[in-house]
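Student: I would like to learn how to read a few features of a model. Can we take them in turn?

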Amino acid sequence: MAKTITTEERPRHIPDRGLKGGPRIINRLPEGVDEQPYTLFQVKPYGPLIGAEIEGVDLRNPVSPELQKELNRALLEWKVIFFREQDITSEQQQAFARLWGELETHPFLPQGNSNEVVRFAKNDKKPGHENNWHSDVSWRLTPALGSVLRITEVPPLGGDTLWSDQAAAYDNLPDEVKQRIDGLTAIHDFTHVFGVNLAPEELQRRQEEFPAAEHPVVRTHPETGRKTLFVNPNFTVRIAGLEAEESEELLTYLFRHSQLPEFQVRFRWQANSIAFWDNRATQHYANSDYYPNRRVAERVAIVGDRPY
């Protein structure tokens, strides 16, 4: 039952919850880089910071070196780029991704028509479990450069994917937090996500094959030079060198900060849509709000380098 709180009963102190309102720093481009026009396609921004749709490119056709170079610039500047109405095959999707490098294989997720393709076929028997913020395979010593996701079947409603710009997340940290995390590293591990259903012998074998990785809490993007926050709640288990309680307190703060809506873009899928994201600069979250409907997607990931 509601009641009036007297002046004497009012709380004298509210704990500092790390909540600061007001304008955010929105720097889409690295410092010193000026906006340049695109000459081979049109760009439709989804917001001021992250995410843009590429118009005028048909991925059924070969991608010239000039087009690949300009698409890479769009990827670096917008962090995730989208393509609509791309009725391409799995082989064409793989060929497109290979323009950025060797494709990786995923040891735990279901495969498509080749080892390099991960197939997410969700329905009433197999619901989506990717609805946690994460950076793909951050538990590898060399996490993915980026991923190309193609949707072939969509539910009537729902199933959107969100991305968050981790350069903006770093830019907007208070100076005292930047100083606190400068030089820190964090441990990333697959065990509590992909290892829970493995037999003990298989888990031990996989842990030997993929030992826990220690990465900088703040990594430097190898192409843009920008500092990006590189911890995620799915795979980052602790900060090295800190007591457990202090590590969890700091990680909880960084996770919450990295997911602020100002840093996000949300993509509503249609059949034959494609998203290509820079895994070095973003985290993403796949909404699981379409159960028991069917949603089918295929993803290929590009081998990256070791964060520094």
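Student: In what order do the three strands of the open sheet lie?

Tutor: Terms come before the case. Strands (E, at least two residues) and helices (H or I, at least four) are DSSP runs, numbered from the N terminus. Two strands pair if DSSP finds at least two bridges between them. Here the order is 8-7-11, with antiparallel pairing. Strand 8 (213-216) and strand 11 (236-239) are the edges; each has a single partner strand, so one side of each lacks a neighbour in the sheet. Neighbouring strands are turned by 35° against each other on average, direction ignored. Such angles run from 0 to 180 degrees between N-to-C directions, with axes as lines fitted to C-alpha atoms (for helices, over the stretch in contact).

This is a predicted model: local features need pLDDT of at least 70 and side-chain atom pairs pLDDT 80 or more, while totals for chains, interfaces and linings use all residues. Residues are numbered from 1 along each chain as its sequence is written, and side-chain values use heavy atoms, leaving out hydrogens and water.

Student: Over how many bridges do strand 7 and strand 11 pair?

Tutor: Three, in the antiparallel sense; strand 7 spans residues 185-188. Ile187 stands opposite Arg238 of strand 11.

Student: Which residues have the most contacts inside the largest nonpolar core?

Tutor: First, buried means under 20% relative accessible area, exposed over 50%, and partly exposed in between (1.4 Å probe, protein chains only). A nonpolar core is a set of buried Ala, Val, Leu, Ile, Met, Phe, Trp, Tyr and Cys residues joined through side-chain atoms within 4.5 Å. In this case the largest has 45 residues, and Trp163, Ile181, Val217, Leu229 and Leu254 have the most contacts inside it. Helix 7 (residues 244-258) gives the largest share, four residues. A second, separate core has 26 residues, including Tyr38, Leu59, Leu67 and Leu145.

Student: Why does Leu229 count as buried?

Tutor: Its relative accessibility is 2%, so Leu229 counts as buried. Leu229 is in strand 10 (residues 227-229). Contact means heavy atoms within 4.5 Å. Beyond four places in sequence, the contacts of Leu229 include Tyr170, Ile181, Val217 and Leu254.

Student: How do I read burial along a helix?

Tutor: An α-helix has 3.6 residues a turn, so residues three or four places apart point the same way. In helix 2 (residues 90-98), the buried residues are Ser90, Gln93, Gln94, Phe96 and Ala97. Down the axis they fall within an arc of 160°, so they line one face. The arc is taken from the directions from helix axis to C-beta atoms.

Student: What covers the buried residues of helix 2?

Tutor: The cover includes helix 1 (65-78), strand 3 (80-83) and strand 5 (146-153). Strand 13 (273-278) and strand 15 (295-302) are also among the covering elements.
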